[in-house]
Amino acid sequence: MLYDYTNTTPEGVTNITDTAIEAANELINAIVAVEGPNTIANTLLPLNEAAAIIEAAYGQGAFMARVHPEAAVRIAATDEEEKINKWGIDVVFRSDLYAAIRGLTDSEPEATPEHLRLLDFWMRDFRRAGHELDAEQQAELKTLKQRLVELEVAFSANVDAYSDHIEVTRKELDGLPNSFIDALKPGDAEGTYRVTLDYPDLFPYLQNATSRGRREELLRKKNTSVVEENRPLLEEALGLRRRVAQLVGYDSWAHHSMDVKMADPDRVERFYADLVPRLKEKVKAEHDKMRSMLAEEYGDDTLQQWDINYYSTKIRRDEYGVDQYDVANYFPLEAVIDGMLDLTAEMFGVTYVRQDETNAWHPDVYLYAIVDSETDEHLAYFYMDLFPREGKYGHAAAFDLVAGHTNLAGEKIRPVAAMVANFTKPTDEAPSLLRHDEVLTLFHEFGHILHQTLTRAETVRFSGANTEWDFVEAPSQIMEHWTWEPDVLARFARHYQSGEQIPQEMVGQLVAARDVNIAAASLRQAYFGILDLLLHDDAEKRDLDALDREAYEVNELPFPEGTFFLASFGHVMGGYDAGYYGYLWSKVFGDDMYSRFQSEGILNPSVGRAYRSVILEQGGSKDADTLLLEFLGRPPSNEAFLANLGL
Ligand SMILES: [Zn+2]
């Protein structure tokens, strides 16, 4: 079901949430008031319905915190997000509900595998909510968890609300193309321009500006933002997480968090211990090369963080002939979207229908329906909100607005999802032209959308991307592979003015330049993951600056003194706590699954159908290990992953 977002008001958002919570509570109150035995029908299914009601309220109301153009709506929605998350905690702390679910579990009911799994997961939640503890300890646990919600919501809101810029002269824009400069707003001082921290400004500037000093300044601004606001919130949250883990009997928050994931802290440690030394060996040559370029260009041989993107871009341009803006001329957004949709339609057996009337929260937003191409079944909807706006979520992500599931009446409820991103905007002179890294992001996020929308799960808990959190980036990262396939690019990459197909030579250069500084980029990913682990794998409080410094060491670069990147590291306060490793970890599986396409045909529709039915449709209704075994026909291997890293 679709909502009309055009008349959203702050009061409306509050009403939606309150009404949903009331309805969900009524269902739960009926469960605990059941006379006679608790059954799947009178207990588990109403509980699933309650979850669906809350999820839908999130999609209609609280989600507006990320995207609504009006600040008042975003602020109200942030409060409602907090309310919803706190409600979720209230539910698992209800001892009457625990008794009902426990009664049902003990009765060993006949049920579908998915329903039995859901029952198991509820019991796991109750265990983690400390129902075995004494009343005083359980009350403390609940207070801690409620406070954690407040801290996490406030942290993310601070990151979203923050905006800043530097003012540069025309000279300080040397290296950047006119299309970039034309899109900049003027600065306060005569003849200056504003380069903001928004992605469409930040990345091109770091990649291209010859002014090394201003690059440093921009990156420092980014990595010193919201420190005053967010550092105390993070410090407090880490303390509360340690205490939560201790109360429910885990060695650390990392152990607590990974207890419900594929990995455990030891396996992740071994993963990095195996990978990082190989990457460090490989990065030496990359750094040496950049260092000599730096010495030649600036007379300095100390390579810094703000040099890496710049030299990666320069090497691609000067040695491989890849000018990302020349390439972008072949990637007008609309054509890329159409190409991506055609490709996935063929492979996965679906049809996409663009909707004229969106009733969305902003006129820039697109809406599509997904239809099964064999049965004509209308499967799902998804929105695409692709350009930066003030106050909008600043990264790229996919959100569940309605979780696909079967409702109490036995009807299938269609999933609705939304892709939110910040791509290069159209200007008066040109349409939105995507750099290749933006094409990659579009495909990545669309992988999440497909996971969310092609689900066949009956329960909200296992719907779509609700799988183990360290597998969730596999269906997104696998999509990135297609953006490097010449046959795929040839299908839709056309010059926005001449309509000429992207020259084969250009594609060849692009692909050849893909792995420039790949070790440096991978070590940066490892740095984020290791930092996140260091924050969470200790039972004792430690100094955050020292931890950052310790983790940063994997980069083999000087630590940028005076920065505190953690204050805007949204992942550690946005669900990826003790989970950031999941990006590299699940890339292993994304690469491994893609190897089946590589050997059986990258556009092979029968592999595509298998991928859809095993991985996408089953979502979280089985363990990721089981899904991988079903799709691959063997246990997963890291061979493709290492080969892709050139290791
Ligand atoms: Zn992702």
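Which residue does Arg 514 meet in a salt bridge? I looked this up in a predicted model. The partner of Arg 514 is Asp 515, with an N to O separation of 3.4 Å.

**Entry 1**

Arg 514 has a relative accessibility of 32% and counts as partly exposed. Asp 515 is partly exposed as well, at 34%. I then looked for salt bridges that share partners, and found one network that joins Glu 82, Lys 86, Arg 147, Glu 150 and Glu 236.

**Entry 2: salt bridges that involve helix H24**

I ran the search over the whole structure and got 56 salt bridges. From these I noted Asp 372 with Arg 612, where the closest N and O atoms are 2.7 Å apart. Asp 372 sits in strand S5 (residues 366-372) and Arg 612 in helix H24 (residues 605-616), so this pair ties together parts that are 240 residues apart in sequence. Are the two residues buried or exposed? I find Asp 372 buried, and Arg 612 is buried too.

I also noted a salt bridge between Arg 609 and Glu 374, at 3.9 Å from N to O. Here Arg 609 belongs to helix H24, while Glu 374 is in the loop between S5 and strand S6 (378-385); the pair links distant parts of the chain, 235 residues apart. Arg 609 is partly exposed, at 31% relative accessibility. Glu 374 is exposed, with a relative accessible area of 66%.

**Entry 3: the zinc site**

Which residues coordinate the zinc ion? I list His 444 through NE2, His 448 through NE2 and Glu 473 through OE, at 2.1 Å. Written as a sequence pattern, the donor residues read H-x3-H-x24-E. I looked up the accessibility of both. His 448 is buried, with a relative accessible area of 8%. Glu 473 is also buried, at 3%.

**Entry 4: domains 3 and 4**

I took the bounds from the domain assignment of the chain. It gives domain 1 (10-92 + 94-128), domain 2 (162-222), domain 3 (251-320 + 526-582) and domain 4 (333-517 + 590-644). I compared the C-alpha centres of domain 3 and domain 4, and they lie 27 Å apart. The contact takes 19 residues from domain 3 and 17 residues from domain 4.

How much area is buried between domain 3 and domain 4? I get about 1600 Å², of which carbon and sulfur atoms give 57%. On the domain 3 side, Met 262, Tyr 320 and Tyr 576 lose the most area to domain 4, together 41% of what that side buries.

I then checked the polar side of this interface. The rule finds 0 salt bridges across it, but 9 residue pairs in polar contact. The elements that give two or more residues to the side of domain 3 touching domain 4 are helix H13 (265-298) and helix H14 (305-320). H14 gives the most, with 6 residues.

Conventions: Residues are numbered from 1 along each chain as its sequence is written. This is a predicted model: local features need pLDDT of at least 70, side-chain atom pairs count only at pLDDT 80 or more; totals for chains, interfaces and linings use all residues. Side-chain values use heavy atoms; hydrogens and water are left out. Donors are N, O and S atoms within 2.8 Å of the metal (3.2 Å for Na, K and Ca); water is not among the atoms, so sites may look incomplete. Buried means under 20% relative accessible area, exposed over 50%, partly exposed in between (1.4 Å probe, protein chains only). Domain bounds come from an automatic or database domain assignment. Contact means heavy atoms within 4.5 Å. Buried area is the accessible area (1.4 Å probe) that two parts lose on being put together, summed over both. A salt bridge is a side-chain nitrogen of Lys or Arg within 4 Å of a carboxyl oxygen of Asp or Glu. A polar contact is a pair of N or O atoms within 3.5 Å; within protein, one must be able to donate a hydrogen and the other to accept it, and residues adjacent in sequence count only if both atoms are side-chain atoms. Helices (H or I, at least four residues) and strands (E, at least two) are DSSP runs, numbered from the N terminus.
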